[in-house]
Every structure is written in C-alpha cells, then in structure tokens.
Amino acid sequence: MTENKILLEIKGLHASVGDKEILRGIDLTVREGETHAIMGPNGSGKSTLSAVLAGRDSYTVTAGEVTFNGRDILGLTPEERSFEGLFLSFQYPIEIPGVTNVNFMRTAVNEHRRHKGLEPLNAADFLKLMRSRMEIVEMNPSFSSRGVNVGFSGGEKKRNEIFQMAMLEPRLAILDETDSGLDVDALRIVATGVNKLKRPDNAAIVITHYQRLLDYIVPDVVHVLYKGRIIKTAGKELAREIEERGYDWIING
Amino acid sequence: MSEKDDILKNIGSAEYKHGFETQVEQEFIPKGLNEDIIRLISEKKGEPQWLLDFRLKAYRKWLTMKMPTWAHLDIPEIDFQDIIYFAAPKKATEKKEIDPELMATFDKLGIPLHERSVLAGTAVDAVFDSVSVKTTFRESLAEKGIIFCSFSEAVRDYPDLVRKYLASVVPIGDNYYAALNSAVFSDGSFCYIPKGVHCPMELSSYFRINARGTGQFERTLIVADEGSYVSYLEGCTAPMRDENQLHAAVVEIVVLDNAEVKYSTVQNWYPGDAQGRGGIFNFVTKRGICKGVNSKLFWTQVETGSAITWKYPSTILKGDNSVSEFYSVAVTNNYQQADTGTKMIHIGRNTHSRIISKGISAGHSQNSYRGLVKILPGAENARNYSQCDSLLLGDKCGAHTFPVVENQNPTAITEHEATTSKISEDQLFYCRQRGIPEESAVGLIIGGYTKEVINKLPMEFAVEAQKLLEVSLEGSVG
C-alpha cells in the first residue's frame, strides 16, 4: 500500500511562554486520512501544542518547523492558518455576547470564501447550509440566533465547535479535549459528528485523557506526550493500555 | 511634514467619508457677536418683533453666564467674536428651485432630496449651514395635517404654535449654550403631529456644516399632540478642517396625552484627525417633556463624531404613567472627548424610565457617561433602570461614569448596573482561528456589544450606524 500524502509535518518544535519552555522537541507526521490521538498527563504540553499550531501569539516558537500542506505555516497569522484548512476545537469555547451564531459563522464562512476568490453566500443558501450542518451534531435550529456560546451548557458548546468545523470543512481538525465536560449522550453525538466529517483527504488530531472518546473516534496512531516531548507512539491498543495501567510504566520505562 | 506623518494622518482621517467641501457661492454676515448681529440675523430671516425680542433677551442673559466647567472635558478657549453666525448658499435664499450643486451634495451624503429615492419612506429637512434648503414630502404629510417644515417657515406660517412651545422645555437661560443658541439660532426643523395621527413615514433632519469659520446653531421643535405618533431621526456631517467649528443646537420635544415620540440621532460630525487637530465642538441641549398622561419619549443616539461632545438628551416625566427610554452608544477614538448621558426627571405618578448606555473608548480618547435620575416627592411608584457599560480598546484611553440618583419618594425604585470591560485576547483569537481577521473580529464584537442600542434605530439607519461604528474604530486595535 502506498502511503498517503503528508498533511502536517512537525520537526523539532520548541515553544515557550515567557521563560518557560513547554514544548521541547516535538516530531509528528500526519497524513491524509489519518486520525491521531495525543494523550498524556496534565501539564505535558498538549493544549500548548494545539495553540502553537493554530498560531496563538502568547507562545513563542524558539526552534523547529511546521509544514502544513507543504507550506511553512509558522509565519502565518491565525486566520491565514484557518484559510489553509486548520481548525481547532477549543477545550473551553469562548463566549461572544450579542453576536449570534448565524452572524459569526456567516462572517467566518464568507471570509474563507473571499480567500478562495468566491462570492459571499447569499442568506438563503447560507441558512440552508447551516441547517444541514447543525443536523450533524443534532443541534436545535434555535441555536442559530443565540449569542455565540453564551449561556450554552458544556455539551452545547462542544457541539457548537463541531458544527463550526462542519461549516468550515478543514483539512486538519485538532480536537482539544472535546470530551471534557460531556455526558455519555453528548459524547456520542459529538464523536458521531466528527466521524461523519471524515474524508480520505482530511485528518484529525484528537487530544484526550480518556479511552472513552477513542471508543467512538478510533485513532490510527496514539502518541503519549510528556514534558513537551512525544515519548511513545503506537497503535490504538495503546490507549486502552493507558486506561488500565496509567502513564507511569511508559514514563519510567 | 515627513512621509511617516503623512501616513499617520491618512490612517486617522481617511475613513471620514463626508469630509468634502461644497463649492457654492455663499452669503456671510460679518463675524462676531453683538446686538446688531442678532438684529441682522433676525432681519435676514424676516422675523416678527416677538422673535427678535426673544433673541435679544437670550443674548443679554448669555452675557451674564459662564461657560460650564463641570464636565470631564478639556475645552480650549472659544473666541465667540471669531465666529460667523450666519452663512447661507446664495441661490437657496434667492430662488425657490434648489441649487443642483446642493442637490448633488446631499446625494453624495446619501440623503437624496428627490422624493422617489431609496429613502422613500423618510421625509427629510435638509439644513445647509444656516438655512434649510429643502423639506421633502411636505405636501403628502400636510394631507394628514402633519406640519413638517423648516423652523423659519414655521415662524412665518404657524407663529401661534411656535410661540406656544418655543423655550417651553428648554428656557432661554437654561444653560450657557442654550442661551447662545436662543440668541443666534438660524434654521432647523419644526414638526407638529395633530391629535390622533400616526405619522406614516420617518421624519428626519440632516444638518450639514459647509462654510469655513462658521458655527451651526439649529433649533428643532417637535410637538406630538394627543394620541399621535412620530419617529424622528437626525443626522449630521461636516468637512474635514484643521479648525474647530462650534455646533450648539437646541432640540425641544413636547409629548401630550397618550402620544409617542421616537427621536434617533446618528451623530457623525467631523471628529478631528489622528493627532486631535480640528473637529466639531458639539455642545447640544436636547430635552423633551412627557407632558400628558401615558405619553412616551424614546431617545436613541449613536455618537461617533465630533472632537468634543457635551450632550445630555433628557426627559421630564410629568404626565402620570409616562415612559421614557434613553439608549446610547458613544464612541471616541484618537483624541476625541465625550461627556454624554441623560437626565430623567420623574414628576408624575407611575412614571418609568430606562437608561442603556454603551461607551467605547479607543486611542487617547476620554469617554464619560453622566446621568441624573431624579425622583420628585410626588412621583409615586416611579421606576428607573440604568445600565452603563464601558468598553476600552487599548490602554491610553479613559472611560468614566458619573451616575447620580436623587430619590425623594419612598415608593420609587431605582436600579443601577455598570460594567467596564476590554475585548479579550481569547475572543480575538477565537474569531481569528475561524478565519475572521482581527479588524473584522473587533467590528463583530463591537456589533454584539452595541446591538441592544442599534436595534432601536429605524432599519435603514441601523445598517448605516453599524458601518459607522466599524469605520470609527478602524486601526484602534493591535
């Protein structure tokens, strides 16, 4: 079998906040069609990695390179990375009072279209698209007219993230602890939504603490991140082993 | 000037889209202020003796008064002898036909004066410097008994109405700028809605300052008779100049039994450049009285322009069960200063008022909310709710709130809430991750913050106001 095209390639990535180095040499290759899980104890750098990939400027990249779709993205702004097809599902989705979900997504989708040289979608087409994508995560249409994440429950916020992902159709989705704060039903709905969006030419990185999400979103590869480095990479069975034995045997092994 | 200064200047002022000057032949009176000047203005306008007496009385009162200094504003000295108090385009005063040049000017400002235009649902009184050049839809409104005309015409054609209500809400000696206006006011709009008439279209006044070295002193009087309704909107712009120009207006509104008036303002006077040079001094007195039972007065203002704004649209709630609301967005950027808010004076029983104020400060600007809620002893069961929010963009600007509540009736209830916030890094990053660039993200977040107020504006103007907010704050983040 010939290997799929490389989508994301991280080489020797170091990043800091102020004087504190958090990522200390990450190497990771994600190919089209793949799902990678990143696990690891608290404070190992998982959320930092996702924020650095998305271009958050509170982190400083001190060494290494990141190519996405064959393009060096470290010099790009967050919105340019979004246009390239990188999507981050936030661990704690942000509230924007007074801005409706419709208005927010319409602005985002039309910015993406403008970047591609396309005309903005008209209101009717946009609403049709929005409704069909909301169905993917079983969101009630009434959420369209509510303020972005304002007054949403934990589960509703995460569904809203996956809905936004469905609207933007990214090449690479980074799901940062999408399972945190979800009950079993919400977890199933969110995970099913992610699976429905899977295509041969896109990929996902799933950051999680727990096996239970990976029961639904089955990874091809599982990585363990510890103290800013990937210390173990294996198949999906590694997640179950971690669930049973914890991390100590890997860290000390 | 170095190239860099040039670029800075462009950033600060390039987006003020109404900064052009119209080349028309204008008639000026000599600059300066004295009784002869006032007589000359009155004569130019062919006024009756009673109005000249009114002006002279106001002028003599003004001479005894001092410029107010209590506002949180740094106002440079104003030389009142260095201002031209009357300027009018020559053709407008000579002929009945409107000068095509003026027609083109208002077209360019988005206020077409043809009745079959985009703003077909709105009647406009267009004021250019000291005169009203055109009032649209007068005839069709007159069929319903509605009077909508320039103030000068009202003095000529409806002197009894004008005499009855002029200065009945803002007395000539009310404050320094009101006294000045009462002495020298030139034109403005007059509006009377008869008993039981629901005005079928939006009425509006558009004020344009054009001439250099002048001030604009317009006077607006709106009377809503029993059971009537009107929605009124005013807009304003001025050319970009390095000089400061004074705009001191008076607006009076009288609302009788069971009548309702909505008064909306989109204030877009030239704000000055990025270094704080030029711009309009906007010192305005606006006050309405809910005179009758069950009367209602709603103020909505979007203030983005002017170098300095001193303005407190207020309501006297005299009639029992009367209601008033004040919804405001005030934006200051660069070196702009604004001290704005409202007064709600509760006199009648069961009177209700609501104040929603949203301040946005950016650049080196200073933005103050000043409010007075006064409940007199007879105002049984009066209610007030006030909410004052301030949003800061950057760390060189200031936001201040000066809310005062004087409650003299134990059955009255007042509530006050205030917040101060900044646009968070998290919000910006979230928007940008979704592909919304920083400037648009700021626009979006500001839009959300001000929505409650903008939604109160008539539809066509809400869209315009939204754009104006975004333009006013361009370049203020990052």
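1. A term to start with: two strands pair if DSSP finds at least two bridges between them. Strands here are DSSP runs of E with at least two residues, while helices are runs of H or I with at least four, and both are numbered from the N terminus. With that in hand, look at chain A, where 6 strands form an open sheet with mixed pairing, in the order β6-β9-β10-β3-β11-β12. Its edge strands, each pairing on one side only, are β6 (86-89) and β12 (229-234) of chain A. From one strand to the next, the twist averages 20 degrees.

2. A word on what you are viewing. This is a predicted model, in which local features need pLDDT of at least 70 and side-chain atom pairs count only at pLDDT 80 or more, whereas totals for chains, interfaces and linings use all residues. Residues are numbered from 1 along each chain as its sequence is written, and chains are lettered from A and ligands numbered from 1 in the order in which they are written.

3. The bridge partner of A:L88 in β9(A) is A:I174. Which way do the side chains of β6(A) point, and are they buried or exposed? A:L86 and A:L88 point one way, A:F87 and A:S89 the other way, and all are buried. Buried requires 20 or more other C-beta atoms within 10 Å of the residue's own; 12 or fewer makes a residue exposed, anything in between partly exposed, and C-beta atoms are placed from the backbone.

4. Elsewhere in this sheet, β3 (residues 35-39) and β11 (residues 221-226) of chain A pair in the parallel sense over 4 bridges. Here A:H36 stands opposite A:V221. Helix α8 (residues 237-245) of chain A lies across β3, β11 and β12 of chain A, at about 20 degrees to β3(A). Such angles run from 0 to 180 degrees between N-to-C directions, with axes fitted as lines to C-alpha atoms, for helices over the stretch in contact.

5. Stepping back, chain A holds 9 helices and 12 strands. Its radius of gyration is 18 Å, close to the 18 Å that the globule rule gives for 253 residues, so chain A is as compact as a globular protein of that length. That radius is taken over C-alpha atoms, and the rule is 2.2 Å times the number of residues to the power 0.38. Of the 253 residues, 41% count as buried.

6. Chain B has an open sheet too, with 10 strands in the order β4-β3-β7-β9-β12-β14-β17-β19-β21-β23 and mixed pairing. The edge strands are β4 (131-135) and β23 (413-422) of chain B. Its twist averages 10 degrees from one strand to the next. Within it, β14 (residues 296-303) and β17 (residues 323-332) of chain B pair in the parallel sense over 8 bridges, and B:L297 stands opposite B:S324.

7. Finally, how many residues does each chain bring to the contact? Chain A gives 22 residues and chain B gives 17 residues, where two residues are in contact if their C-beta atoms, placed from the backbone, lie within 7 Å. On the side of chain A that touches chain B, the largest share, 5 residues, comes from α3(A).
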